[in-house]
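Reader: I would like a close look at a single part of this structure, the place where the two chains touch. Please start with what one needs to know about the model itself.

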Amino acid sequence: MSNQALPRPRFNAPEPERASKATLKIESRTAPLLQGKVSEIPDAVFGWAMRLCGIAVVALLGLIVYELMVGSQLSWHAFGWKFFGGQDWNPVEEQFGALPFIYGTLVSSLLSLVIAVPLSVGVSVFITEMCPVALRGPLSFTTELLAAIPSVIYGLWAMFIMVPLLRTYVQPFLAKTLGWTGLFSGPPYGIGMLAAGVILAIMIIPIISSITREVLTVVPQHQREAVLALGATRWEMIRMGVLRNARAGIVGAVILGLGRALGETMAVTMVIGNRAEIAKSLFAPGYTMASVLANEFSEATGDVYLSALIEIGLALFLVTIVVNAMARLLVWSVTRGQPTKGVA
Amino acid sequence: MASRRKGLPEMTTTSTAIVIPPISLWRRIVDRAMTGVAVLTVILVLLPLGAIFAYLIYKGIGSINLAFLTQTPKPVGEPGGGMANAILGSATILAIASLMGVPLGIGAGIYLAEYGRNRYGDIVRFVSDVLNGVPSIVIGIVAYAIVVLRQKHFSALAGGVALAIMMVPTIARTTEQMLLLVPQAIREAAYGLGVSRWRTTLSITLRTATSGVITGVMLAFARVAGETAPLLFTAFGNQFWNWKLDQPTAALSLQIYTYALSPFDDWHRQAWAGSLVLIVLIVGAVSAVRIAVRRGTLAGA
């Protein structure tokens, strides 16, 4: 339809001093959307309803904190700070110490970072700086596909495919070459801290690499050109022009991955061995905060037991909050508050 | 050639060309080596992905049959049976979660984009990013405390609440982004015609951003569809058909977990089949909505 066919709207423009929204009248021949008086009330109602939704998001966080605090009261009064230093987890005698779980969570997450960080930075550098444009889309799509697989399926795969591989090939090899460090000693069960670290690494690679990629694309093009103009090779350009500029953002991405690894439950529970012990060797079974919750929460008998578990949940929550907040601030400082893809 | 550019002094034409020293062999080797390392990392990352999908299809496809899709689990140790009740249970829990989480998330997104360009909006934005990182098992504890403890038993409702809490931040943030992509001029055009603000937001801005918002909702949906941890002590699982919302309910992911940890080969086989069904359902739901958004009746303005 051409513009000519449209009836020309005629407005009786009111005098400026009389032009309040409430009295503005529009000709009846225009679209039904515009008929009638414009009232202030629906606008106010709608505005406050939306604000309420915004407040609800904050309230949700408040609710989580409140419920965890209330639930863990009993255990907090019984054990105090000793709870985090104690090594004894004995539901029968109602003695609870969370140290083995905290240790397991930290070690498995750090191990996963050691594996995942070089890989994800390598992938992001390849996708943003090296690969042909035609390959860029499919590659980033495929790495993000890893993020869509549910955790329990990772666990299933790890239990039946990855663990036997670790047991028969990787662990004997590590024991032979690096056994002297003490980190890779003991019987190769397959399941244990090492398996948990590897599966966690596979799971956090998508998140680290997608954020790293975003951060790398925000690095201004002229930085690259400047370094190239000075005669640098491509790798030197990437090292000096790109990675150095994106440092803070990459660290943010890594910390975000750490946050994900700390709270990951199912896959870890299925392969870590679930034994509340602190062992130096990565071959030994361990236990994490999330997996003790998964295994024992629904079977917890007794109020103190349940309360101790909720306190573990509270500790896990606080740690991930701090880690995530730190990561967000770092990523924001690079991408200037634009959430993703540099739009808006 | 430098001499052809205007305004350069005469002497450049007479002097010999500046000799750029060739890049040393070592630097070239390092450059090539690092390219090789980058390619290697890509292969190492894609390898597990390929392995997971290959095994899912290889182990899953042989185990899916009519009984698997239509029957409830057989008693322990007996071969056969299926996960039909778990598929239904997952659908119920996800429907409850979507009913609660989607409106709230979209509302929060509208607030952030249209009313929250200020300090308060920044707080909500930060909180929803932080909420996104809360471990799912912790959200399970909260749903347990809010719903299960009050009702005194596990239920589909509790599972739905847990998943809804997980959906809200993702939906809020993507909705916000999509609304911000709508040009300000379109809003101003509506205001200029005397359309009220709420009507502009719903009929003009949100309508223009429909496809993006739905993509965000599907992202959140796909993320919670495979969640297991928050359902462990909210929905709890069930071996039989269950039509009541306030009773323990089976879920596909829970069933996979239980079967994977069991000592029976037949149950392992069913766990693989269940995983394949779960992945197909997730990918299917997401792509169906995407296609509908792109060329169906849902296509936005």
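Author: The model is predicted, so a word on confidence comes before the contact. Chain A has an average pLDDT of 84, and 86% of its residues score at least 70. Two stretches of chain A fall below 50. One is residues 1-24, for which the model has 13 contacts beyond four places in sequence. The other is residues 339-344, with 15 contacts in the model beyond near neighbours in sequence. Where pLDDT is low, the predicted coordinates should not be read in detail.

Chain A is built from twelve helices and two strands. Of the 344 residues in chain A, 43% are buried. Among contacts in chain A with a separation of 6 or more, 74% join residues 24 or more positions apart.

Now the contact between the chains. Chain A gives 75 residues to it and chain B gives 79. On the side of chain B that touches chain A, the elements that give two or more residues are helices, including H4 (84-115), H7 (156-181) and H12 (265-295) of chain B. Helix H2 (25-61) of chain B is also one of them, and H2(B) supplies the largest share, 19 residues. By residue type, this side of chain B holds 57 nonpolar, 14 polar and eight charged residues.

Key
Residues are numbered from 1 along each chain as its sequence is written. Chains are lettered from A and ligands numbered from 1 in the order in which they are written. This is a predicted model: local features need pLDDT of at least 70, side-chain atom pairs count only at pLDDT 80 or more; totals for chains, interfaces and linings use all residues. pLDDT is the predictor's confidence in each residue, from 0 to 100. Two residues are in contact if their C-beta atoms, placed from the backbone, lie within 7 Å. Helices (H or I, at least four residues) and strands (E, at least two) are DSSP runs, numbered from the N terminus. A residue is buried if 20 or more other C-beta atoms lie within 10 Å of its own, exposed if 12 or fewer, and partly exposed in between; C-beta atoms are placed from the backbone. Ala, Val, Leu, Ile, Met, Phe, Trp, Tyr, Cys and Pro count as nonpolar, Asp, Glu, Lys and Arg as charged, and the others, Gly among them, as polar.
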